[in-house]
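I opened the notebook to go through one chain, residue by residue and then as a whole. The entries below follow the order in which I looked things up.

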Amino acid sequence: MPWGGVSLADLARGQFWTLFTHMFVHGSLGHVLMNMILLWFAGRKVQELFGGRHLAQIYVVSGLLGAAVELAVMAYGYGDTSTPMLGASAAVFGVLAALAVALPDDEVTAFLYFVIPVRMRLSTLAWGLVALNLGLGLAGLFWPASPGGAQIAWFAHVGGALGGWYYARALGYDGTPVAQRLQEIRAGRTPTRPRETARVRQTPAVIDLEIDLD
């Protein structure tokens, strides 16, 4: 905790490495398990669509932006500059948001209360989680006794999601389905706001032919 988490007080003491190390250390087994489940769910798809280098960059950019937002809120909202923040949640939220921008209409199964399966669009899941975190963060900011207190870095999750959203948009994704995006690329039309075309891995079609020789 003293060397891995990040806070404004740590940065003022010159511990700049904590800007990066906080994304890889956690407070409990449950903390790391939840983050890794979400990273496995969203990260492998992002790696397939964007490539491994972009996945790593989305993770780091989202983690940094999430930390910046959370530290600012802690300092100006709570007057706290010494409590360390740690965990991969902001980075993972960025990966999920980038996937939601690239594949907004893909359907996923979310488990309500970890029990009830609910089918929903990926964009609904991602932005619903962002809205929930924003609401809990604001509740904790204005009503400290509420469930959205300062123990969980709600605003880091929101900042991380914004980082992933911006990164995917900068690559040219604007919510257009991937199949339509590929048609545009093949037709020679440049994607919206291109900075670098995301690498999309296609699965070749397999045609099964049966020949009757009788």
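**Val92.** I looked up what Val92 touches and found Asn35, Leu38 and Leu39, not counting residues up to four places away in sequence, where contact means heavy atoms within 4.5 Å. Val92 has its place in helix H5, and I note that helices (H or I, at least four residues) and strands (E, at least two) are DSSP runs, numbered from the N terminus. I count Val92 as buried because its relative accessible area is 0%; buried means under 20% relative accessible area, exposed over 50%, and partly exposed in between, with a 1.4 Å probe and protein chains only. I also noted that the C-alpha atoms of Val92 and Met23, which are 69 residues apart along the chain, are separated by 9.3 Å.

**Basis of the entries.** I keep in mind that this is a predicted model, in which local features need pLDDT of at least 70 and side-chain atom pairs count only at pLDDT 80 or more, while totals for chains, interfaces and linings use all residues. Residues are numbered from 1 along each chain as its sequence is written, and side-chain values use heavy atoms, with hydrogens and water left out.

**The chain as a whole.** I find 8 helices and 2 strands in the chain, and from the N terminus on the elements run α-α-α-α-α-β-β-α-α-α. Of the 214 residues, 42% count as buried. Among the contacts with a separation of 6 or more, 66% are between residues 24 or more positions apart. The chain exposes about 12,300 Å², of which carbon and sulfur atoms supply 65%; accessible areas come from the Shrake-Rupley method with a 1.4 Å probe, and for residues only the protein chains shown count as cover.

**Cores.** Which residues touch the most other members of the largest nonpolar core? In this core of 22 residues they are Val46, Phe50, Ile58, Leu99 and Leu122, a nonpolar core being a set of buried Ala, Val, Leu, Ile, Met, Phe, Trp, Tyr and Cys residues joined through side-chain atoms within 4.5 Å. Helix H3 (29-50), H4, H5, H6 and H7 each supply at least two residues of this core, and the largest share, 7 residues, comes from H5. Another core, of 8 residues, lies apart from it, and has Val6, Leu71, Met85 and Ala90 among its members. Turning back to Leu122, I list Phe41, Leu96, Leu99, Ala100, Leu103, Pro104, Asp106 and Val108 as the residues it touches, not counting those up to four places away in sequence.

**Salt bridges.** I find 2 salt bridges in the structure, each defined as a side-chain nitrogen of Lys or Arg within 4 Å of a carboxyl oxygen of Asp or Glu. Asp10 pairs with Arg13, the closest N and O atoms being 2.5 Å apart; Asp10 counts as buried at 7% relative accessibility, whereas Arg13 counts as exposed at 57%. Asp105 pairs with Arg121, with the closest N and O atoms 2.4 Å apart. This pair links distant parts of the chain, with Asp105 in the loop between helix H5 (89-102) and strand S1 (107-112), and Arg121 in strand S2 (residues 116-121), 16 residues apart. Asp105 counts as partly exposed at 42% relative accessibility, and Arg121 counts as partly exposed at 36%.

**Glu70.** Where is the nearest side chain of opposite charge to Glu70? It is Arg13, 17 Å away, and Glu70 is buried yet has no salt bridge; for charge, Lys and Arg count as positive and Asp and Glu as negative, with His and the chain ends not counted. I place Glu70 in helix H4 (residues 52-77). Leaving aside its neighbours within four places in sequence, Glu70 is in contact with Met85, Ala153, Trp154, Phe155 and Ala156.

**Leu134.** Phe155 turned up again at Leu134, which is in contact with Phe155 and Val158 once its neighbours within four places in sequence are left aside. The C-alpha atoms of Leu134 and Phe155, 21 residues apart along the chain, are separated by 6.5 Å. I found Leu134 in helix H6 and, at 37% relative accessibility, it counts as partly exposed.
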